[in-house]
Amino acid sequence: MNHALALPLALASVLLLSGLSGCASNPATGGASVVVMSQGKEAKIGEDMYQEIAKEGAVYDDAELQEYVNRVGQRLVASADRPDMTFTFTVIDSPDINAFATPGGYVYINRGLLAYLGSEAELAGVLGHEIAHVTARHAARQRAGSLTTQVLAVTAGVLTGSRDIMDSAGMYGTELVRGYGREHELEADGLGARYMHLAGYEPEALLRVIGVLKDQEQFARLNARAAGKPSGTYHGLYATHPRNDQRLQTVIGAANELDTGQVLEDPAVPGEFQRRTDGLPWGARTKREDDRYYHSKLGFSFAHPPGWQVQSSSAAIIASAPDGSASVTLTLKRPDPGQTPEQALAAAAVGSLSEGAALEQAGLEGYTAIARSGDEARRLAVVNHNWQYLFEGKASNFKAADSALLALIESFRPLHPQERQTGDQRYIRYIQVPRGATMASLAASIQIQEAEARLRLLNGFYPRGEPRTGDWIKIIQ
């Protein structure tokens, strides 16, 4: 992982739209739609987000699986409304159940969602839906006020899985997680089903995906309620749809009735989806780098110069140089909702402040300045992340060390899912059901919470139901 998650300021300014740029014909629907950004700006946003996601190490490291997902996606693109547009398909190394598309033709699917799919047709259903968001230009068709956001916050939300960060990114970030609204999601379902049909996949696979993920949503809601926490939802494919959505069934049925003049065979190679997803990591993976401090309980991390030591106590966290010539002390307190980071820094500082600057890193808000009292200078900062974090950097030669002190502060960010400490890594494996086995007996050897319910979710048997002897099912090993 890189030490800081930050996108160029020029990219953030792309989304600071001042008003509508006009109306244009929507190539996917044939109707007029409001366009608030040019296609060139869309491509720039998508490309920069892709580069940042790749730089942060969030791409799942499996070239064969990446190629397979890309092949399925490109087959759908060839049947889409903009077949000349370049699309990039990427598997994200995240256990979250999600898929999303960004402007410019970038489609992402988390390995966490792949684990719950049962066939290539279902994979095509997810990708087709996301392709449709791009071809229908749903991001560009939102009101200008809905897109006044910061791309770095959206990217940080994707990488960390933080609902708070995505919420802070405004409407655009929320759309990536929770969908573009009922009408746009239904439109994406209809277009995606059409692309599936033209590519040779059965559109009904969309309904199977929705059924499986509705079960996952119900399971997550029950667990969240029991823990007293809010429950999240996967965007798009089921977030806005009831389980028995008649409008959805109608648009999928319409795709089946398209008269193309030719009969396309299902392009899926028997058993290939199973082979490609066998061995997929299940749950979070721990990925940590040198010269970076991780606090699993509070969910944050920061980078420090090579050789520095970090000591943690109940009162403070202190990162210091080996010779004691420089240090950064980190403390925290509950934030005052009515106080900006700049005001909080001014209230806590001793001495006169200068060279103040706002901090916008990994979707977090903060403020930094230099405090001088007599001959002493210190680097101060406040960053809000659930708590309010206060930084104080000191050095015997402050002028020479300040750039390193500031770099440490600017590297502070939420933990990525892969950085959270977990137990032994587990994997998705396929087995044939032995005679007499039940979901309960198969789950008995899996040392995870709610093992039976999770096996049922993976295989479409939630909340009840049993496989037949000889059936291929997924287990967690």
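Which strand holds T90? I found T90 in strand β3, residues 88-92. Strands here are DSSP runs of E with at least two residues, helices are runs of H or I with at least four, and both are numbered from the N terminus.

Source notes first. This is a predicted model, so I kept to its rules: local features need pLDDT of at least 70, side-chain atom pairs count only at pLDDT 80 or more, and totals for chains, interfaces and linings use all residues. Residues are numbered from 1 along each chain as its sequence is written, and side-chain values use heavy atoms, with hydrogens and water left out.

**T90.** I looked up its accessibility. T90 counts as buried because its relative accessibility is 4% (buried is under 20% relative accessible area, exposed over 50%, partly exposed in between; 1.4 Å probe, protein chains only). Leaving out residues up to four places away in sequence, T90 touches Y50, V59, Q66, V107, Y108 and I109 (contact means heavy atoms within 4.5 Å).

**Helix α3.** Q66 is also on the list of buried residues of α3, with L65, Y68, V69, V72, G73, L76 and V77. The helix covers residues 63-77, 15 residues. From first C-alpha to last I read 20 Å, close to the 21 Å expected (1.5 Å times one less than the number of residues). At the start of α3, a side-chain oxygen of D62 comes to within 3.2 Å of the backbone nitrogen of E64.

**α10 and α11.** How do the axes of these two helices lie? Helix α10 (205-227) and helix α11 (246-256) pack at about 150 degrees, axes 10 Å apart. They are therefore roughly antiparallel (angles over 145 degrees). L206, L207 and I210 of α10 meet L248, Q249 and I252 of α11. I sorted the residues of this contact into 5 nonpolar, 1 polar and no charged (nonpolar: Ala, Val, Leu, Ile, Met, Phe, Trp, Tyr, Cys and Pro; charged: Asp, Glu, Lys and Arg; polar: the others, Gly among them).

**Backbone checks.** Most residues other than glycine have a negative phi, and most peptide bonds are trans. I noted some exceptions.

- The peptide bond from Y462 to P463 is cis, omega near 0 degrees. P463 is in the loop between α16 (451-459) and β18 (472-476).
- E355 has a positive phi, near 55 degrees. E355 lies in strand β12, residues 352-361, and is exposed at 54% relative accessible area.
- N386 has a positive phi, near 70 degrees. N386 sits in the loop between β14 (376-385) and β15 (387-395), and is exposed at 53%.

Terms used
Polar contact = N/O pair within 3.5 Å; in protein donor to acceptor, adjacent residues only side chain to side chain. Axes fitted to C-alpha atoms, helices over the stretch in contact; angles between N-to-C directions. Parallel < 35°, antiparallel > 145°, perpendicular 65-115°, else oblique.
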